Amino acid sequence: MKRSTLFRRPAAEPLDTGRSADFGYLQPGEIYLDAACQSLRPQPVIDALTDYYTTYNACGGRVKYAWGLKVDAAVADTRQAVLGLLGLSSKSHAVSFTLNTTYGLNLLLQQLPLGRFDRVVTSHIEHNSVFLPTITAARRLGVERLVLGRAADGALLYEPARLEKAVVVVNATSNVDGRQLTNLAELVRDTHARGGIVIVDAAQAMGHSRALLQKTEADAVCFSGHKMYAASLGVVVARHELLTSLELGFVGGGMVQDVRENDFDLVQGDPGALLEPGLQAWGEIIALGRAIEWLGGIRPGGLAPAEHISGLSTRLHAGLAEIPGLTVLATEPSPVISVYAPAQDSHRLAVFLSHSKIMARSGYFCAHHYLKEQLGLPPLLRFSLGLHSTESDIDSATQAVARLMKGLS
């Protein structure tokens, strides 16, 4: 695909030997540590999006002229790339695009068939994108809702008997402390054996922890392109059986092949279309395909992405743990590390860091129940890493936090 240079900021030299030139638009001194909210986009992804808008900006799935056919081919390539990333087949799974992870989870949970399930199961450490729709889904289905704990390693703590005809919805990676669902395979096996289904929130996993989800037997995996170096987009990868079982109440063009005065016929042979009413974000979908391609070839600092992130996580965790007066939530390094200082306001710390061009998140990170109700914590300060991050970023951030803590004490 031709790369456009319109609206492109001049590429700068990498700020240090660990920075990929694909993030050359970062200005000197800018340190972005909020990739858990949304990752920075590498230049090839930006170029792919710009190229769509400036050279073949057409609707997909509806037209026969050249621009539209080019869109259709690129979107089909992205669907296949998503399946390839997870090691899944189009024979059993379909890929749907939506607004974000939250939207995808709601599309599934709020259209589940009535009378089939006996309970909804989730955990305490969930993002609101899971926690809230499991509340409303349980109400709609008229079933109990069971909220379970997670072990220190992230495994869901459950008794198999409680999974009877259950809708299990849990994250693969916590957005607070990086814990992973280490017993995903066992959870899926035990749930399926009892007539239930498993839906995984993979928003925090797809960027750096995809191995956990490879060839997953889960019924659906929901994630966000904007947390894995693509444009703002939601993705649902679901089994055909789950999609065709939904009692659809959210419908529109793109989902139907014929419409009559009081009825309609759904598209046949493409289960993914059942979650795609109306026009889609064609440019963003195409950019996701480019992001997946980019992820397959990037070697920050000459390292594999997982190795690069692991090294930075260890460095960040160690640096924060050494700062007097600061409490680190995670006991192990991860790409997402949250801290707090009992004597300081995390929002104030974030503002002070911002004055030094260091961007970190403060608050409860949409995990209010777990952090406020369960742990009784004040707002936190969160540092999250991406493939743009470098050792220099980590050292500058930890040194700045140490200076702040010393100055404010």
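Colleague: Which residues does the UniProt annotation "domain: Aminotransferase class V" cover?

Modeller: According to the unreviewed UniProt entry, that domain covers residues 31-395. In this predicted model, the end C-alpha atoms of the span lie 11 Å apart, and the span is 34% helix and 18% strand.

Colleague: Thanks! What is the strand order in the open sheet?

Modeller: Its 7 strands run β2-β8-β7-β6-β5-β3-β4, with mixed pairing.

Colleague: And why do β2 and β4 count as edges?

Modeller: β2 (93-98) and β4 (144-148) each have a single partner strand, so one side of each is left without a neighbour in the sheet. From one strand to the next, the twist averages 15°.

Colleague: How do you know that β5 and β6 pair?

Modeller: Pairing needs at least two bridges, and β5 (residues 166-171) and β6 (residues 197-201) have 5, in the parallel sense. V170 stands opposite V200 in β6. Helix α5 (residues 184-192) packs on the sheet there, touching β5 and β6, and its direction makes about 150° with that of β6.

Colleague: Which residues make the contact?

Modeller: From α8 there are L312, R315, L316, G319 and L320, and from α11 E391, I394, D395 and T398. They divide into 4 nonpolar, 2 polar and 3 charged.

Definitions and conventions:
Residues are numbered from 1 along each chain as its sequence is written. This is a predicted model: local features need pLDDT of at least 70, side-chain atom pairs count only at pLDDT 80 or more; totals for chains, interfaces and linings use all residues. Side-chain values use heavy atoms; hydrogens and water are left out. Helices (H or I, at least four residues) and strands (E, at least two) are DSSP runs, numbered from the N terminus. Axes are lines fitted to C-alpha atoms, for helices over the stretch in contact, and angles run from 0 to 180 degrees between N-to-C directions. Contact means heavy atoms within 4.5 Å. UniProt positions are given in the numbering used here, feature names are shortened, and annotations may be inferred rather than shown by experiment. Ala, Val, Leu, Ile, Met, Phe, Trp, Tyr, Cys and Pro count as nonpolar, Asp, Glu, Lys and Arg as charged, and the others, Gly among them, as polar.
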